[in-house]
Each structure stands twice: as structure tokens, then as C-alpha cells.
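Please read the sequence and the structure shown here, and then follow the text through them one region at a time.

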Amino acid sequence: MDLQQLHQIQPYLWTFPLKSGESRKEVLLYGGRALLESMDDKVLEQITHVASLPGLVGAAMTMPDAHWGYGFPIGGVAAFDAEQGGVISAGGVGFDISCGIRCLRSNLNLQDVEPHLSTLAERLFRVIPAGVGEEGFLKLDTKQLDQVLLGGARWAVQQGYGSEADLEFIEERGCMSGAVPANVSELAKKRQRGEMGTLGSGNHYLEVQVVERIFDTVTAQAFGLQEAQIIISIHCGSRGLGHQIGTEYLVSMAKAAARCGIHLPDRELACAPIKSPEGQQYIGAMNAGINCALANRQILTHLTRETFMEVFPNSELETLFDVSHNTCKLEKHEVEGKSRMLHVHRKGATRAFGAGHASLPERYRALGQPVIVGGSMGTGSYILAGNRDNPAFASASHGAGRALSRHQALARWHGKQVIGELAQQGILIRSRSMRGVAEEAPGAYKDIDLVAETTEQARLARRVAFLKPLACIKG
DNA sequence: ATGTGC
């Protein structure tokens, strides 16, 4: 991206000035010079399109890890007011509805795990279904699936996959309200029948990590983190169900937009007024998709615990937090001194509530929400904490963010070579897809250290801990 | 992201 066309407001905040005759809201880009210079021009084009949608409140924003997505950029944040004709967009949520990360903290340290790492990786790889179309141990009929869509992680716990203690540390206490299973098609449910408790493909992973650095000892203590501790991160979403919801509602939203006279600068931006029948139907379906993802990560947590118990009989894995980064949520935000209810799209952006927010578990309330910034395999992850003065509708980065397209990555790396290079650094990769591994090569991603540092400098969240990968199960 | 697509 050419920074000449931007205006720097603060050291880590840029705006794209309006051209004469252009009618849109403000565009804000969070990030430093290095990240923005290497960012695709498409990000600016896409977020400028978002800024032209009806009912947008404040500015359309991108996080430091933003990259080109479908319609909305990944790393995009946009809040809409239903009372002012605000819209909801399937492309603004993302096709993998409620894709997110579950983080588990263990009572094990590096010394305990290192000698058994290969055994652990092998067993996790055998137990955790991963890859395109891979199915799990559960086969659900439509009626059971409706219960999943209503109950989320709470349903999974009721089935014996985890405990009440997990629920406290999941967004929405593990169960998203407002889910309407009837708004989810039979086809979407059929696709999900065998896919509960599966990882999926692409950038999804289950990773065994070690806390390598603590940045903020007080917050780390509240989060239960210390150096050399073993952490497990599970990154996945709502699988075939979420994807099918996205596909179907994209069509219904395109029709709604045409009927309501909404000008779409890009057909991928299909959206419907929040107050329209299509908008309302999508919200019910999306909330069901969120519950699907929450249940999915809960079942995977259960499988992870079972596997750890086989290798480390005294292991205990507690849920540190579970946060989504592909959602649209109705939240209360202060705008120019006024409290308003807004539909906040976060696509490839993590919710980052600051200290004192009522929805936070008591354990974290004085310090802020754990913000999980997932790395690519090999480059580590960060846990940050939400700030009370977050300027972006309580949002922050979600990961390293791609720097090269999948296509570019395939042209540059081979899967086996990537696995070999990571093995030399002591990082074990287990995957059924060598193509997938090549696409996910660490070099195809932005510098996560820079993303985390910039996220802190832009006051979006503050760094608490850095996690180094040890073993990664890939889709 | 995805019962992977020009």
C-alpha cells in the first residue's frame, strides 16, 4: 500500500482522506509504517467500500493484521446502527462463522512435555479429526443438531464433553442467545452431521505451545500464565454448517440489497438492513453458527484432555479463554458521549473488552479480556489483554494475517521442506495435506511480533505473554 | 474458510 495516499493521525493510526464528491464515512487503518506498506492495496479498496454502507457508525476500520478478504477485508471492524438503516453482511462476518481460538492452560511445563513431545503429537494427530471433509466420532441427526445450534458449548458440556468451569471462560458463557435453528437450511445441517469435533483445514490448527515470555506479570498471574508453562490452542470454527449459511445468505442479502435500493460497490459486499426480514433471518442463523463453533471447540477440548491424560496421567487443562474472530454482535458502545446499541462486525478481528466489562468472568474483570492472537505454525502466538480505552469498538488483531496468498505460497514452498525446516527448530508438524502445509508456511504470514507490538502501540490491547509452538496438528 | 476451482 502506498502511504502517500494516507494521512497519519497518530503514530499507529492512519486515515484515507475523502476525495471531492465522494460520499462515505471515515476509513481508519491501525498499524505502523512497515505493516501498512506491505499491506495489499485491496485492503484499502475494500474498507473504503465498507465505509459507504448505510448506517455505519464512526469509521470503517482495519486492524494491523488486515489482509484481502471476501468483500470485507479480514481484520476489518465495522459497527452499524439498526435505527439508522444499518446493515448486516454475511461477507462482513466471514464464511467461517465464529472461527476462533480456545486456549487451554495446563499444569505441565516444558520439562514435563519435551521428552514425550513426539508421542503426544502422534496421539493428538490420531485423535483430532483434521482436514477437508474429515468427520468426527459423533453422528448427529437434524434434531440433535438443532440442540447444538441452540446450546453451543453448554450443549457439549451437558453431553459430558467438559465441565461447567469451561463455560465461564467462553464468550457468552458458551451459549449465544438469539440462535434460530429454523433459519439454518437442511443442507447446512446435513453437511455438519458428522463434522462436530473436527478441526477443518486451511489455517486451522491445534497447537501445543510453551509460554516463552511474560510481558505483564500482574495480568499473566490473573490469566494463570507463567514462563515454561504448556498451553494448548485450538483454532477452528463452524465447519461446513457456517460455510453453507454464508453461501446461502449471500444470495438472499444480494436480493435484499437490490430491493432496498442499497448501492453495492462490490457484489461481495451483499448486505441487508438489520431490520429487514433477511437481516433478521441471517442474525438467527449466524447465532446458530456461533453455537456450532463454540460446541465444536468444546468437543475438541474434551478430546485434547483425553489424549493428554493418556500421555500425562496427572495433567489438568483448564480453559483460559475462548474467543471468536468472525462474528457480528449487538453490543453497547459509547459514541460521542452517548451509549448506543450497535451491530459490530468483526471479521478476522478479536473482541477485546477492557477491565470492568460486565460480560467478563470475574477472574479477569479487573484486568481486561484475554485477547488471543494466533500465529501461523512455527511463529508463535500472543495473549494480550483488552484495554478500557480501546478506540475500535473494543476490537483488536486476531493473528499474524497472511502476507502472501495461498497461490504465492504454493509457488514458493513445498510441504515437506517446511516440515523439515520447522523440525530443525524443534517444532513438530503433523498434517494429512502437504499442500496445506505449504500454503501455511510461516513465511506466508506477517511478522506476528510486529503485529502484537503494533496492536499494543495502537492501544487496541496490551501484550501479556508470548507462546512458542512445540507441536502443531494441521488440517 | 469450503463435500477447495479458472
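**A walk through the model**

Ala-394 lies in the loop between β16 (381-386) and β17; helices (H or I, at least four residues) and strands (E, at least two) are DSSP runs, numbered from the N terminus. This is a predicted model, in which local features need pLDDT of at least 70, side-chain atom pairs count only at pLDDT 80 or more, and totals for chains, interfaces and linings use all residues. Residues are numbered from 1 along each chain as its sequence is written, chains are lettered from A and ligands numbered from 1 in the order in which they are written, and side-chain values use heavy atoms, with hydrogens and water left out.

Ala-394 has a relative accessible area of 9% and is therefore buried; buried means under 20% relative accessible area, exposed over 50%, and partly exposed in between, with a 1.4 Å probe and protein chains only. Apart from neighbours within four places in sequence, Ala-394 is in contact with His-333, Arg-346, Thr-350, Arg-351, Ala-352 and Phe-353, where contact means heavy atoms within 4.5 Å. From Ala-394 to Phe-321 the C-alpha distance is 17 Å, and the two are 73 residues apart in sequence.

The next stop is an annotated residue. UniProt, in an unreviewed entry, lists His-398 for "active site"; UniProt positions are given in the numbering used here, feature names are shortened, and annotations may be inferred rather than shown by experiment. His-398 sits in the loop between β17 (395-396) and α14 (406-412). Is His-398 buried or exposed? His-398 counts as buried because its relative accessibility is 11%. Not counting residues up to four places away in sequence, His-398 touches Asp-65, Ile-74, His-325, Gly-348, Ala-349, Thr-350, Ile-372, Val-373 and Gly-374. With Asp-65 there is also a polar contact of 2.6 Å between the two side chains. A polar contact is a pair of N or O atoms within 3.5 Å; within protein, one must be able to donate a hydrogen and the other to accept it, and residues adjacent in sequence count only if both atoms are side-chain atoms.

Strand β4 (residues 56-67) is mostly covered, with 11 of its 12 residues buried. Two strands pair if DSSP finds at least two bridges between them. Strand β3 (residues 26-30) pairs with β4 in the parallel sense over four bridges, and Leu-28 has Met-61 in β4 as its bridge partner. Strand β5 (residues 74-80) pairs with β4 in the antiparallel sense over five bridges; here the bridge partner of Val-57 is Ala-79 in β5. β4 and β5 form a hairpin with six residues between them, and Gly-71 in the turn has a positive phi of about 75°.

Now turn to the DNA. Which residues are the closest to DNA strand B? Of the 14 residues that surround DNA strand B, the closest are Val-132, Arg-191, Ser-201, Asn-203 and Arg-239; a residue is near a molecule or strand if one of its heavy atoms lies within 4 Å of it. Of the atoms of DNA strand B that come within 4 Å of the protein, sugar and phosphate account for 50%. The residues of this surface divide into three nonpolar, seven polar and four charged. Ala, Val, Leu, Ile, Met, Phe, Trp, Tyr, Cys and Pro count as nonpolar, Asp, Glu, Lys and Arg as charged, and the others, Gly among them, as polar.

Phosphate oxygens of DNA strand B take part in several pairs. A polar side-chain atom of Ser-201 lies 2.6 Å from one such oxygen. For Arg-239, an N or O atom of the side chain is 2.6 Å from a phosphate oxygen, and for Arg-406 the distance is 2.9 Å. The elements that give two or more residues to the surface near DNA strand B are α9 (186-192) and α11 (239-259). The largest share, three residues, comes from α11.

Leu-149 belongs to helix α6 (residues 142-151) and counts as buried because its relative accessibility is 0%. Leaving aside neighbours within four places in sequence, its contacts include Leu-241 and Cys-292. Ser-431 is in strand β18 (residues 428-431) and, at 11% relative accessibility, counts as buried. A polar side-chain atom of Ser-431 lies 3.0 Å from the backbone nitrogen of Ser-433, and one lies 3.1 Å from the backbone oxygen of Gly-475.
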